[in-house]
Structures are given as C-alpha cells and as structure tokens.
Amino acid sequence: MDVLVMLEEDPSHSPVLAHVNSAPAPLGSHRTSRDVVTLYGDPTAESLALALAAAVESRRSPGARDDAVWHLGVWPGRGAVGDAAWRDEETGKLVTRDLDIPFATLIGTAQALLGECGQAIGRLLAGLRMPDWPEGTRRSLLVSLHPAFATSAFGDGTGDSFLAAFRESDGMIFDGEGD
C-alpha cells in the first residue's frame with residue numbers, strides 16, 4: 001500500500017484536518033493503487049497519524065474493494081466522512097457507497113500507529129516540515145507500507161500484522177519515478 005502524503009500549508013483551503021483519496025492503479029500497470037493524504041496547516045504527529053489511520057480504516061471498511069475510488073475528509077472530533085465508488089463488474093454501472101469512520105476508531109488506530117511506529121511517523125513529519133524545500137514545490141513524500149498489508153489490512157484483526165509490516169519497512173521509501 002503506497003500513501004503519498006502532501007502538505008498544504010495554507011489551512012484556509014479546507015476546513016478539515018486532512019483529505020484522504022485513493023488513486024487506482026492504471027490499467028495494465030504493474031503499479032499498485034495509491035492513497036493520497038493531504039494535510040492542512042501545521043501538521044503534528046497526531047494529525048498525520050489520524051490521516052494515515054483514515055487511509056488504513058478505509059481499506060478495512062465493510063465491502064472495501066481494491067478497485068474503488070474513495071474521497072474522505074478527516075474532521076477533528078467527528079472522524080472520516082466521504083464516499084467510495086466503483087464499476088460493477090457485471091453491469092458496468094457506477095456503484096457508490098457512503099463512508100463514515102467514527103472518530104474513536106481513528107483515534108484507536110492512530111494511537112496504535114504512534115505507539116508502534118512513532119519514529120517513522122516523526123521522520124515523515126520532519127521531512128514534510130523541512131525549511132529548505134525549493135520555492136513553489138509541493139511538499140510531498142511517499143510512504144510505502146508492506147504489500148501484505150494492502151490486501152489484508154489488519155489481517156488478524158488486532159493490527160499486529162500491519163504494525164509489524166510497517167516497522168519492517170521502516171515506514172517510508174522515496175520514489176523518484178515521476179511522483
């Protein structure tokens with residue numbers, strides 16, 4: 001599971017803490033789908049962990065599909081709210097579903113991420129906040145989570161398999177192929 005984390009420094013562009021969107025893999029591509037997390041304002045480790053938790057939980061939601069495209073807003077105190085859409089394989093019709101991930105669920109997942117992967121999240125946050133980004137450049141870094149997580153999410157239901165995979169991957173890679 002790849003997550004592109006971007007920082008929008010002007011919080012007036014959005015009243016939410018973050019947006020989480022999915023970008024499906026291009027047809028015929030060897031690349032996997034990617035989640036795009038956009039943080040607004042001055043991010044903290046907690047706000048980044050909440051946004052990453054929304055990406056994780058969106059893949060765990062009932063009826064989650066690999067080919068779905070979803071859009072979520074992460075609201076402080078409310079949770080993640082948005083929708084998912086995909087094409088029905090039999091009819092070809094567009095199917096949509098509302099998504100509502102409770103704040104308590106996000107907090108639990110975010111706390112687990114911070115407890116187990118706090119250093120990796122801290123390094124990602126430090127990279128986004130570095131003062132020497134070239135002027136006009138969008139601050140964004142790619143985080144790659146272990147492939148086993150992408151299909152099974154929290155596989156065993158406890159989060160241990162995801163957190164072990166996240167620790168094993170050291171939380172991030174940098175991809176220079178046009179990202």
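This is a predicted model: local features need pLDDT of at least 70, side-chain atom pairs count only at pLDDT 80 or more; totals for chains, interfaces and linings use all residues.
Residues are numbered from 1 along each chain as its sequence is written, and side-chain values use heavy atoms, with hydrogens and water left out.

Let us begin with the whole protein. The protein has four helices and seven strands; helices (H or I, at least four residues) and strands (E, at least two) are DSSP runs, numbered from the N terminus. Read from the N terminus on, the elements follow the order β-β-β-α-β-β-β-α-β-α-α. Of the 179 residues, 42% are buried, where buried means under 20% relative accessible area, exposed over 50%, and partly exposed in between, with a 1.4 Å probe and protein chains only. Contact here means heavy atoms within 4.5 Å. Among contacts in the protein with a separation of 6 or more, 63% join residues 24 or more positions apart.

Now look at the sheet. Seven strands make an open sheet with mixed pairing, in the order β6-β5-β4-β2-β3-β1-β7; two strands pair if DSSP finds at least two bridges between them. Its edge strands are β6 and β7 (139–144), each of which pairs on one side only. On average, neighbouring strands of this sheet are turned by 15° against each other, direction ignored. For this and later angles, axes are lines fitted to C-alpha atoms, for helices over the stretch in contact, and angles run from 0 to 180 degrees between N-to-C directions.

Strand β2 (residues 18–23) meets strand β4 (residues 69–75) in the antiparallel sense over four bridges. Here H19 is opposite G73, and V20 has L72 as its bridge partner. L72 also has a bridge partner in β5, namely G82. β4 and β5 pair in the antiparallel sense over seven bridges. These two strands form a hairpin with three residues between them, and G77 in the turn has a positive phi of about 80°.

The neighbouring pair makes a hairpin too. Strands β5 (residues 79–87) and β6 (residues 94–102) run antiparallel and are joined by nine bridges. Their hairpin has six residues between the strands, and G92 takes a positive phi near 80°. Across this pair, A84 stands opposite R97, while V81 stands opposite D100.

L99 counts as buried because its relative accessibility is 4%. Leaving aside neighbours within four places in sequence, its contacts are S61, W70, L72, A80, V81, G82, D83 and A84. The C-alpha atoms of L99 and A84 are separated by 6.9 Å, although the two residues are 15 apart along the chain.

What lies across the strands? Helix α1 lies across β1 (2–8), β2, β3 (34–40), β4, β5 and β6, and runs at about 150° to β3.

Finally, turn to the helix pair. Two packed helices are described by the angle between their axes and the distance between the axes. Helix α1 (residues 45–60) and α2 pack at an angle of about 120°, with their axes 7 Å apart. That angle makes α1 oblique to α2, because angles under 35 degrees count as roughly parallel, over 145 as roughly antiparallel, 65 to 115 as roughly perpendicular and the rest as oblique. The residues that meet include A45, L48, L52 and V56 in α1 and F103, L106, L113 and L124 in α2. The residues of this contact divide into 17 nonpolar, two polar and two charged; Ala, Val, Leu, Ile, Met, Phe, Trp, Tyr, Cys and Pro count as nonpolar, Asp, Glu, Lys and Arg as charged, and the others, Gly among them, as polar.

One last stop is R123, which sits in helix α2 (residues 103–129). R123 is partly exposed, with a relative accessible area of 36%. R123 and A45 are 78 residues apart along the chain, and their C-alpha atoms are separated by 9.6 Å.
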